[in-house]
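Subject: Structure handover

Hello,

Please find the structure below, with the sequence. My notes on what was found in it follow.

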Amino acid sequence: MKYADLKPIMQPKSVAVIGASDKPGKVGNAIIQNYVDVGFQGEIYPVNIAGYDKVLGYKAYKSVCDVKKPIDLAVISVPAEAVVDCVLECGRAKVKGIVVVSSGFAEVGNTKLQDKLVAAAKRYRIPLIGPNCLGVMDTRYRNDTLFLPTFKISRPKIGGVSFVSQSGSVGSSTLDLISSEGFGLSKFISYGNAAVVDEVDILNYLAHDDDTKVIVFYIEGVNRGKEFVELAKSATKLKPVVIIKGGITPLGASAAHSHTAALAGSSEAYKAVFRQFGFVRAETLEDLTYFAKIFETQPPVTGKRIAIITNGGGHGVIATDAVYQSGLELATLSKATERALRKVMPPIVNIRMPLDIGGDADSFRFSAAMELVSQDPNVDAMMMIILFQTPGADEKAAQAVINLASKKVKPVVVMSSGSSYTQSHVKLIEESGVPVYESPDNATRALRALIEYSRYKEGLI
Amino acid sequence: MNWLARATAGEGSMASLMDYYKARNILGRYGIRSARSGYVSSADAAVSFWNRKGKIVLKVLSGKALHKSRMGLVELDLGSEEEIGAAYKRLSKKASRLKPYKIIAQRMIPDGIEIIVGGNVDPQFGKMVLVGLGGIYVEAFKDFALALCPIDRQEALKMISELRSKNVIAPDKKSADVLAGLLVKVSKMFSNGNFSELDLNPVILHDGTYDAVDLRMLR
């Protein structure tokens with residue numbers, strides 16, 4: 001088989017936790033506690049050589065071989081030197097998938113131990129994620145191997161974004177961020193050293209996973225470059241894959257004999273491959289969430305004409321600058337739309353783009369402006385700027401935006417910034433499935449990412 | 001030691017520079033245009049290459065010289081016996097410390113936009129093709145686009161559209177098409193051949209066509 005089957009790892013019916021502990025604060029305890037907290041529906045088998053009777057109320061076993069029942073997933077959290085034996089036992093017990101949380105392998109220079117681990121997994125043909133990772137999460141399936149207590153890191157709500165991170169720290173902090181954003185998570189995979197299951201296996205699994213609408217990837221390198229490219233050609237046509245690569249190698253670090261080789265360093269090659277094969281390249285970690293939420297919630301769009309509606313003049317100007325600077329265009333309204341707007345807007349409102357509906361705009365004005373502009377054939381996507389500091393911008397105005405955006409005729413992003421009053425309304429809007437950004441610049445970057453990907457998918461330049 | 005110093009010292013890898021003439025023949029087989037040229041081993045030979053027609057260029061080829069023009073190893077715009085004789089003498093003197101070297105005579109290509117087209121083998125992804133602003137601007141602006149080989153016409157046009165200097169290099173559809181055609185050919189040649197690095201720098205875009213006026217091909 002070309003790609004590892006990750007289903008037993010992501011959606012197990014039974015989980016053995018090897019290195020289970022009854023002492024709170026230990027990793028082997030937190031993992032089981034989390035399974036309880038998230039409400040896992042399958043069987044749980046704590047395993048520890050110490051021979052506990054029970055861990056958190058579950059009958060415990062000395063070895064995974066003693067369970068004598070089918071085991072889909074084994075989560076291994078024992079000292080590094082004991083891991084290989086555990087994997088071999090899993091093989092004998094016919095475990096279908098493994099996550100090794102333990103560290104102390106190639107990441108600290110112990111490549112010999114990692115080689116043994118790989119050999120053990122390959123001997124029994126078990127897909128193995130890790131070592132040196134946080135493991136996996138499937139929000140719908142309530143599978144959660146993370147050893148991070150639920151009170152320290154919020155678990156995102158169920159949604160369509162699957163987030164993959166080679167690094168555990170980027171993974172957990174971004175996960176925490178995602179939970180505060182208004183979009184939901186399908187799966188989370190932290191794959192650490194990529195000793196057995198690597199980014200190619202994961203990309204393949206998620207590309208074909210029906211619950212995943214958007215894939216978000218943090219990588220530090222690719223193990224199998226050619227296979228990665230081969231798979232990417234089809235995967236990025238199925239769904240957007242937002243990607244960021246950490247670890248820049250200095251330009252032309254190798255011994256170059258030509259200008260070309262001096263220019264075309266490793267980071268440049270990654271960038272080129274991402275562009276060429278339809279990845280959505282993120283420049284910063286923030287981009288990962290900015291892009292994820294627009295892709296999860298908004299319809300695709302290949303046109304570049306952006307309509308801006310604002311209740312603040314300055315923000316409209318800055319947003320217009322951002323639109324032009326990013327290579328998008330400001331929409332020009334049709335005569336019909338202009339006439340219709342003129343009829344409903346008060347005389348102080350200038351009927352042109354960006355449409356400044358005034359600092360005294362109320363829910364009626366927001367609603368009317370959005371309704372008319374969204375129907376204009378000259379408009380491809382919309383940016384709504386709502387500054388809640390003004391008297392008329394209240395919950396009703398937020399609701400007006402939500403009502404229109406929910407029709408999903410054209411992509412809508414909202415720009416809003418401010419403190420507590422604003423934040424409560426931002427939350428309302430995001431929970432309805434409309435992405436909100438704190439600056440016109442971020443809103444524009446997200447729109448551009450959506451447009452560029454939609455164009456790639458349609459075969460347009 | 002930076003990459004430039006290494007390259008000019010000829011250290012650092014087993015890659016070997018292919019003979020200019022041989023390299024030019026390979027370009028020809030793929031229909032890639034390059035300025036007509038020939039080795040000359042005396043001022044007289046250079047004069048007969050000139051053959052009293054137009055202008056020629058003389059330049060020194062040496063594995064030890066990556067930056068020919070910066071090192072004063074290119075003599076442009078030579079259109080008389082005297083000019084050619086004097087230029088040949090100057091170059092021979094400068095080149096004496098760059099042995100082994102050869103002097104090449106080349107038809108002078110009209111002024112135009114100088115670009116670089118090249119190839120490189122990435123250790124992770126494989127053979128890649130590059131296009132960018134060329135000549136003396138390569139390092140100053142680092143304005144280039146890269147793609148994995150092989151590329152088709154559409155990918156070539158995408159690469160061109162990525163360049164900051166796209167409106168200078170390919171100001172209209174016709175010039176973009178000419179350049180895209182060249183990129184597809186270079187990608188094909190680089191994919192098929194046993195190369196490790198390739199520089200066509202500069203390629204001069206002129207009069208609705210192009211000519212590679214300098215090249216480095218490494219096995």
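**A crossover unit and its strands**

In this predicted model, strand β15 (residues 305-310), helix α11 (residues 313-325) and strand β16 (residues 329-330), which belong to chain A, form a right-handed β-α-β unit. β15(A) and β16(A) run parallel and are joined by two bridges. One of the residue pairs here is A:R305, whose bridge partner in β16(A) is A:E329.

The cut-off for buried is 20 or more other C-beta atoms within 10 Å of the residue's own.

**The seven-stranded sheet**

Chain A also has an open sheet of seven strands with mixed pairing, in the order β9-β8-β11-β10-β12-β13-β14. Its edge strands are β9 (143-144) and β14 (280-281) of chain A, each of which pairs on one side only. At the β9 end, strand β8 (residues 135-138) of chain A runs antiparallel to β9(A), and two bridges join them. A:M137 stands opposite A:D144 of β9(A).

**The domains of chain A**

Where they touch, 12 residues of domain 1 are in contact with 14 residues of domain 2 of chain A. Which helix gives the most to the domain 1 side? That is helix α10 (residues 285-297) of chain A, with six residues. By class, the domain 1 side of this contact has six nonpolar, two polar and four charged residues.

**The nonpolar core**

The largest nonpolar core has 228 residues, and A:V242, A:V401 and B:L183 touch the most other members. Leaving out residues up to four places away in sequence, A:V242 touches A:V214, A:I215, A:V216, A:F217, A:V280, A:A282, A:L288, A:F291, A:A292 and A:F295.

For chain B, the domain assignment gives domain 1 (36-107) and domain 2 (113-218). Their centres, again over C-alpha atoms, lie 26 Å apart.

How many residues of chain B are in contact with chain A? There are 32, and they meet 22 residues of chain A. Several elements of chain B supply at least two residues each to this side, among them α1 (3-9), β6 (126-133), α6 (153-162) and β8 (197-206). β5(B) gives the most, with five residues. The side of chain B that touches chain A is made up of 15 nonpolar, nine polar and eight charged residues.

Regards

Notes. Residues are numbered from 1 along each chain as its sequence is written. Chains are lettered from A and ligands numbered from 1 in the order in which they are written. This is a predicted model: local features need pLDDT of at least 70, side-chain atom pairs count only at pLDDT 80 or more; totals for chains, interfaces and linings use all residues. Two strands pair if DSSP finds at least two bridges between them. Helices (H or I, at least four residues) and strands (E, at least two) are DSSP runs, numbered from the N terminus. A crossover is right-handed if, with the strands pointing away from the viewer, the path from the first strand over the helix to the second runs clockwise. Domain bounds come from an automatic or database domain assignment. Two residues are in contact if their C-beta atoms, placed from the backbone, lie within 7 Å. Ala, Val, Leu, Ile, Met, Phe, Trp, Tyr, Cys and Pro count as nonpolar, Asp, Glu, Lys and Arg as charged, and the others, Gly among them, as polar. A nonpolar core is a set of buried Ala, Val, Leu, Ile, Met, Phe, Trp, Tyr and Cys residues joined through C-beta atoms within 7 Å. A residue is buried if 20 or more other C-beta atoms lie within 10 Å of its own, exposed if 12 or fewer, and partly exposed in between; C-beta atoms are placed from the backbone.
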